[in-house]
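Try each task before reading its solution.

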Amino acid sequence: MVTISRIRTKQAFWASIRWKILLLLTEKLALSAAPLFQSVSVEELNELMEESAVSMNGRLMLIDMDGKIQYDTFQTLCGQRIQVEEALQVLTGNQTEAYGIHSPGRAVVEEMNGEKNADYLAYSAHEMTGFQGRIGVVLFVSRVQSMMDSMSTVRWRLLSVFAIIVIAALILALVLSQVLTKPITALSRTMRRMGKGDLSARVPVMGSGELRELAENYNTMAAQLESLDKTRNQFVSNASHELKTPLATMKIMLETMMYQPDMPAELRSEFMNDMNHEIDRLTGIITDLLVLTRMDNQGEMNREKVDMSELTQETVHLLQPAAEKKNQQLTDEIQPGLELFGDRIKLNQILYNLMDNAIKYTPENGKIHVSLKEEDGNLVWRVRDDGIGIPEEDQEHIFERFYRVDKARSRETGGTGLGLSIVRQMVKMHGGTISVSSKPDSGSEFTVSFPREGAA
């Protein structure tokens, strides 16, 4: 009971931190939007709201004192009267701000913040004040499903670990005897070393039966933990570098603008556009990191029978304008009637990402070919282009997180270095394989193969 209480206390703490952050963001926006709202500066207000909605990753509304929505970044509720409890509390009561997390049903959640398959959303409301007092309310509809999922996952994992430790302690207490003293002592000594951070520590394998198996299993677990720790450190290092680069760029540009107040308007506008581009890159990296985290945690698969022929045709049709913009020839060869039991959204993202990469890295007037066939009982996608190609020494690394063949060129095209990692993870979730064949300046061909019955 003490452990459960502590877990709940930690969850409440992190929830309160999120609550304070959202209220601070909403309060900051209210201060910026109030004078524009009162002076009816439509163009500046639109720009402020749109940029704030993107940076805050949610939906924003401005509500007048009659409870009528005057501005909505989703453009669906303008002119309607607000029915959100938090907004009404600020409008009708003495409160200056209000916050709440709700679970109104997935249909309502998707309608209010655009997040699909989510059960939770949060409302954060703060008053806007003008020359003569309160003039309205800013309402921020945020996405909190990932936070709620993370809290639930942490709770169950901690409880599971606690249960495993208790069971292991009881079992060890029952089997402990004079004969077992030596191997148990060795195991305890190794665990202490490991607890101090020495993940290379291993248990001497001795004896027979359960104790030998315990030592071998422990060593296997320790080896996996050591490998996982190295991978995590490398991932954190790469992620830190990728996030720090655009931040450093923005800092330099911002300081330049600060210390050059007489900077020409054209150059200042160029700097602002560059900073906006870097913010978009940061958002893309964070979004891809969240996708990978969900998949690493065995994200859900909404399995259904998917018409792969139709899905391929739809994706080709969707990306046809992007290819035509670069005068590229996009062709397809699709075997009709092919179906796969899997997640339609993830399958679509696999093909979309591969085709999008082909278009990005193929020069103008190039050729891109997409095919779907059944080969040896497997469904096989092939995306071939005659673009810049990939050096042989880089081909075995391109599916690693944050790996880029040409970092400068990848950043120019808006890449985060995570797209192919996401593709490979989604392919694995369907029990499939992905490979690449490429030569510099001769194009590349990505091959994705799925078992006909879907993932096991």
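**Exercise 1: a residue and its surroundings**

I359 is buried, because its relative accessible area is 5% and buried means under 20% (exposed is over 50%, partly exposed in between; 1.4 Å probe, protein chains only). This is a predicted model in which local features need pLDDT of at least 70 and side-chain atom pairs count only at pLDDT 80 or more, while totals for chains, interfaces and linings use all residues. Residues are numbered from 1 along each chain as its sequence is written, and side-chain values use heavy atoms, with hydrogens and water left out.

Task: find which residues I359 touches, not counting those up to four places away in sequence.

Solution. Start with the location: I359 lies in helix α10; helices (H or I, at least four residues) and strands (E, at least two) are DSSP runs, numbered from the N terminus. Next, look for contacts, meaning heavy atoms within 4.5 Å. I359 touches L319, A322, A323, K326, Q328 and I368. Finally, check D385, 26 residues along the chain from I359: their C-alpha atoms are separated by 8.2 Å.

**Exercise 2: two helices**

Task: describe how α9 and α10 cross.

Solution. Begin with the geometry: the axes of α9 (residues 308–325) and α10 (residues 344–360) come within 10 Å and cross at roughly 35°. Here axes are lines fitted to C-alpha atoms, for helices over the stretch in contact, and angles run from 0 to 180 degrees between N-to-C directions. Then list the contact: among its residues are L319, A322 and A323 of α9 and L351, M355 and I359 of α10.

**Exercise 3: an aromatic pair**

Task: classify the aromatic pair of W381 and F450.

Solution. A search of the whole structure finds 1 aromatic pair. Its rings, W381 and F450, have centres 5.8 Å apart and planes at 80°, so the pair is edge-to-face. Rings of Phe, Tyr and Trp (its six-membered ring) pair if their centres lie within 6.5 Å; planes under 30 degrees apart count as stacked, over 60 as edge-to-face and the rest as tilted. W381 belongs to β10 (residues 378–385) and F450 to β12 (residues 444–451), so the pair ties together parts 69 residues apart in sequence.
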